[in-house]
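Thank you all for coming.

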Amino acid sequence: MHCPYCRHGDTRVLDSRVADDGASIRRRRTCPADNGGCGKRFTTVEQMQLTVLKRSGVSEPFHREKAVSGVRKACKGRPVTEDQLAQLGQTVEDCLRADGWAEVPAHEVGLAILGPLRELDEVAYLRFASVYRAFESADDFESEISLMRAERAASEIESEDVHGAEREATASEPQPVPTG
Ligand SMILES: [Zn+2]
């Protein structure tokens, strides 16, 4: 591996360390000054190559950009920025790595996209889900939307519970007694 500072071709590993619970290896390297290098140090990270197994049976390296391209189409005209798309790609990759996949079926990549996309933009989510899950009619949209509503209502009730508890705590404080 060449030096990122001076591009000297012969760098040396100082030490290797397992990181991320065994999912990667970090190596400290030096560009040896006694061998024509600049003497600077840098770190490299070695990660397992994540591959995607396509329906055709062919596998190819996982590319965040490729995973996000379908999402970008679904986000057309929606207030979703490139940064948010990049972040989503990162989340999806982290999630697949955390699940321990070496060779991810293409289907699982789509599944990993659905959750974070729904949090990002519900309209884009519905568009993406309609293609990915091959919605056939308005009924499919309707059932997906009622599911989303039900889950949203459930999370609102949860947060109301918290506020309710706060109100109770306030009410139980001693009240000033009027004298006169
Ligand atoms: Zn160097």
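This is a predicted model: local features need pLDDT of at least 70, side-chain atom pairs count only at pLDDT 80 or more; totals for chains, interfaces and linings use all residues.

R29 stands opposite F42 in β3, and strand β2, residues 24–30, pairs with β3 in the antiparallel sense over seven bridges, where two strands count as paired if DSSP finds at least two bridges between them. Strands and helices here are DSSP runs numbered from the N terminus, with helices being H or I of at least four residues and strands being E of at least two. Residues are numbered from 1 along each chain as its sequence is written.

The open sheet has three strands in the order β1-β2-β3, with antiparallel pairing. β1 (12–19) and β3 (41–47) stand at the edges with a single partner strand each, so one side of each is left without a neighbour in the sheet.

Now to the helices. α3, residues 106–120, and α4, residues 122–132, pack at an angle of about 160 degrees with their axes 7 Å apart, the axes being lines fitted to C-alpha atoms over the stretch in contact, and the angles running from 0 to 180 degrees between N-to-C directions. α3 and α4 are therefore roughly antiparallel to each other, a term for angles over 145 degrees. Among the residues that meet are I113 and L114 in α3, and Y125 and F128 in α4, with contact meaning that C-beta atoms, placed from the backbone, lie within 7 Å.

Finally, helix α1, residues 64–74, packs with α4 at about 115 degrees, with their axes 8 Å apart.

Methods: Angles under 35 degrees count as roughly parallel, over 145 as roughly antiparallel, 65 to 115 as roughly perpendicular and the rest as oblique. Two residues are in contact if their C-beta atoms, placed from the backbone, lie within 7 Å.
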